[in-house]
Every structure is written in structure tokens, then in C-alpha cells.
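Okay, thanks everyone for coming. Have a look at the screen while I bring this one up, and then I'll walk you through it.

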Amino acid sequence: MDIFTTRFGTLSVQPQDELLFEHGLIGLEDCRRWVVLTDSNNAALGWLQSLDQGHIAMGVVSPRRFVPDYQLRVDRFDLNSLGLTTVRDAEVVVITSRRDSGLSLNLRAPIVINVEKRLGCQVIAKDEYPVQYPLDLHNTNLRRIA
């Protein structure tokens with residue numbers, strides 16, 4: 001299927017690349033179909049592109065790349081919709097945001113994806129991680145393109 005996006009133009013998305021978020025994302029409950037795109041300029045950055053609303057795309061990164069001791073603790077109930085046989089089958093990413101002071105990561109509300117089943121959900125971490133964890137751009141490889 002072809003989808004028009006404001007950030008990437010027209011994309012051809014294969015059905016097997018689509019991720020389903022049964023409940024959408026926080027604040028984007030109507031956006032249930034997504035695709036993860038790689039950034040051609042930065043291997044650390046991906047883009048979560050909505051297939052339901054082409055103007056919505058968010059930068060995502062692996063939190064452990066920038067916060068090595070990051071551990072996600074959630075209730076198992078929060079992950080039921082993913083159909084995971086083991087939590088090791090889950091991929092965890094966090095949304096990046098641009099702030100006046102630079103980039104930040106939302107460590108409090110990560111996205112968990114069952115890559116095999118193409119299912120995702122956003123959860124709230126039990127630990128008191130910040131919603132805006134500032135990135136030190138001088139000590140990371142993440143470029144300011146998000």
C-alpha cells in the first residue's frame with residue numbers, strides 16, 4: 001500500500017511491515033497502524049510513522065543506547081495485548097523530542113513491540129523515570145535531526 005507522509009513523501013509499505021497498536025499511543029488513540037522507518041543519516045534513530053495520519057511521525061531510539069542502566073518494569077497485564085511468550089521477545093524504544101535546550105527522551109512512557117507478531121503498545125514504567133530525559137549531544141552519536 002502507498003501512504004503519503006508529510007515528512008517522507010509517499011511511502012510504499014508492505015503489509016508485513018505494519019505494526020498494530022490496539023489502543024493507539026497516549027494522546028494518539030486513533031492512530032493504530034504504524035511502521036518503523038530507519039533514518040538514512042543516523043543508525044541510532046528510527047521513525048515511528050503513522051499509517052492512519054500521514055502527518056504524524058516520531059523519532060524513536062533504543063533507550064539503552066543512551067541510558068545503559070535503563071530497566072523497564074511494568075505490570076505483565078500491560079503487555080497482554082502483545083502476545084509475548086517471553087519478555088525477551090520484546091523490543092523497547094522511547095520517543096525523542098526536540099526542546100529549546102536540545103533533545104530529550106521520554107523514559108517514562110516507552111513503546112514495547114512484539115516484532116514477530118507485529119504488535120505494539122505504549123506503557124507507563126513503574127520506576128520514576130523522567131518524561132524529558134535530556135540528551136547530552138556532545139557525548140552521543142545522535143544528531144539533531146529529530
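This is a predicted model: local features need pLDDT of at least 70, side-chain atom pairs count only at pLDDT 80 or more; totals for chains, interfaces and linings use all residues.

So, going from the N terminus, the elements run β-β-β-β-β-β-α-β-β-β-β-β.

On overall dimensions, the C-alpha trace covers about 40 × 35 × 25 Å along its principal axes. The radius of gyration is 15 Å, and a compact globule of 146 residues would come out near 15 Å, so the chain agrees with that expectation. If you take the contacts with a separation of 6 or more, 53% of them are between residues 24 or more positions apart.

How about the surface? Buried residues are 44% of the 146 in the chain. The chain exposes about 8500 Å², with 47% of that supplied by carbon and sulfur atoms. As for charge, I get 16 positive side chains and 18 negative ones, and the centres of the two sets are 4 Å apart.

Now the aromatics. How many aromatic pairs does a search of the whole structure find? Three, and I'll show you two of them.

One is Phe 8 with Trp 47: the ring centres are 5.7 Å apart and the planes sit at 70 degrees, and since over 60 counts as edge-to-face, that's what we call this pair. Phe 8 is in the loop between β1 (2–5) and β2 (9–12), while Trp 47 is in strand β5, residues 42–50, so the pair ties together parts that are 39 residues apart in sequence. And are these two buried or exposed? Phe 8 is partly exposed, at 30% relative accessible area, whereas Trp 47 is buried at 3%.

Then there's Tyr 70 with Tyr 129, which is a tilted pair, with 4.6 Å centre to centre and 40 degrees between the planes. This one links distant parts of the chain, 59 residues apart: Tyr 70 comes from the loop between α1 (63–66) and β7 (90–99), and Tyr 129 from the loop between β10 (119–122) and β11 (133–134). Tyr 70 is buried, with a relative accessibility of 3%. Tyr 129 has 19%, and the cut-off for buried is under 20%, so Tyr 129 counts as buried too.

Please go to Arg 118, in the loop between β9 (111–114) and β10. Arg 118 isn't a glycine, yet its phi is positive, about 60 degrees. Its relative accessibility is 26%, so Arg 118 goes down as partly exposed.

Next, Leu 28, which you'll find in the loop between β3 (19–21) and β4. What does Leu 28 touch, leaving aside its neighbours within four places in sequence? Trp 34, Ile 56 and Met 58. Leu 28 is partly exposed, with 22% relative accessibility. From Leu 28 to Leu 51 is 23 residues along the chain, and their C-alpha atoms are separated by 12 Å.

Last stop is Thr 38, in strand β4, which covers residues 33–39. Thr 38 is exposed, at 73% relative accessibility.

Note on methods: Residues are numbered from 1 along each chain as its sequence is written. Side-chain values use heavy atoms; hydrogens and water are left out. Helices (H or I, at least four residues) and strands (E, at least two) are DSSP runs, numbered from the N terminus. The radius of gyration is taken over C-alpha atoms; the globule rule is 2.2 Å times the number of residues to the power 0.38. Buried means under 20% relative accessible area, exposed over 50%, partly exposed in between (1.4 Å probe, protein chains only). Contact means heavy atoms within 4.5 Å. Accessible areas come from the Shrake-Rupley method with a 1.4 Å probe; for residues, only the protein chains shown count as cover. Lys and Arg count as positive and Asp and Glu as negative; His and the chain ends are not counted. The place of a charge is taken as NZ of Lys, CZ of Arg, CG of Asp or CD of Glu. Rings of Phe, Tyr and Trp (its six-membered ring) pair if their centres lie within 6.5 Å; planes under 30 degrees apart count as stacked, over 60 as edge-to-face and the rest as tilted.
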